[in-house]
Amino acid sequence: MPGLKIKKGDTVEVLSGKDRGKQGRVVNVYPNRARVMVEGVNQVKRHETVRPTKSGGGMQGGIITKEMPLDISNLAVVCPSCGKPTRVGHAMGPDGKERVCKQCGGKI
Ligand SMILES: [Zn+2]
């Protein structure tokens, strides 16, 4: 499998699933699992019981929202130049290999 084309800090768009069409910033990448965590996307609600602490607070349980990682095959990088979800190409730049947008040729 070739290297991941999605990097931390990228903006990506979800191509399938319940969050299809949503965009978010990549906050974490899990190369071994080909998954990335995207801010504000693929949130699940969980009921959590908060254990009482010695200082008193935190007695109540509650629903927390948690983001789950998404498979990179369901994501497309959003090009910062043209603002569209795009395929990522590679080109040689002054600093070595660069990622470029296949639609507008802009650097990603
Ligand atoms: Zn572009």
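Colleague: Which residue's side chain meets Lys107 in a salt bridge?

Modeller: A salt bridge here is a side-chain nitrogen of Lys or Arg within 4 Å of a carboxyl oxygen of Asp or Glu. For Lys107 the N to O distance is 3.2 Å. The model is predicted: local features need pLDDT of at least 70, side-chain atom pairs count only at pLDDT 80 or more, and totals for chains, interfaces and linings use all residues. The partner is Glu98.

Colleague: Is Glu98 buried or exposed?

Modeller: Buried means under 20% relative accessible area, exposed over 50%, and partly exposed in between (1.4 Å probe, protein chains only). Residues are numbered from 1 along each chain as its sequence is written, and side-chain values use heavy atoms, with hydrogens and water left out. Lys107 has 52%, so Lys107 is exposed. Glu98 has 15%, so Glu98 counts as buried.

Colleague: Which residue forms a salt bridge with Asp10?

Modeller: The closest N and O atoms of this pair are 3.0 Å apart. It links distant parts of the chain, 89 residues apart, with Asp10 in the segment before strand 1 and its partner in strand 10 (residues 96-101). Strands are DSSP runs of E, at least two residues, numbered from the N terminus. Both side of the pair are buried, and the partner is Arg99.

Colleague: How many salt bridges does the count come to?

Modeller: Side chains of opposite charge can pair when their charged atoms come close. Another such pair is Glu39 with Arg25, at 3.2 Å, N to O. By this rule the count is 5.

Conventions. Helices (H or I, at least four residues) and strands (E, at least two) are DSSP runs, numbered from the N terminus.
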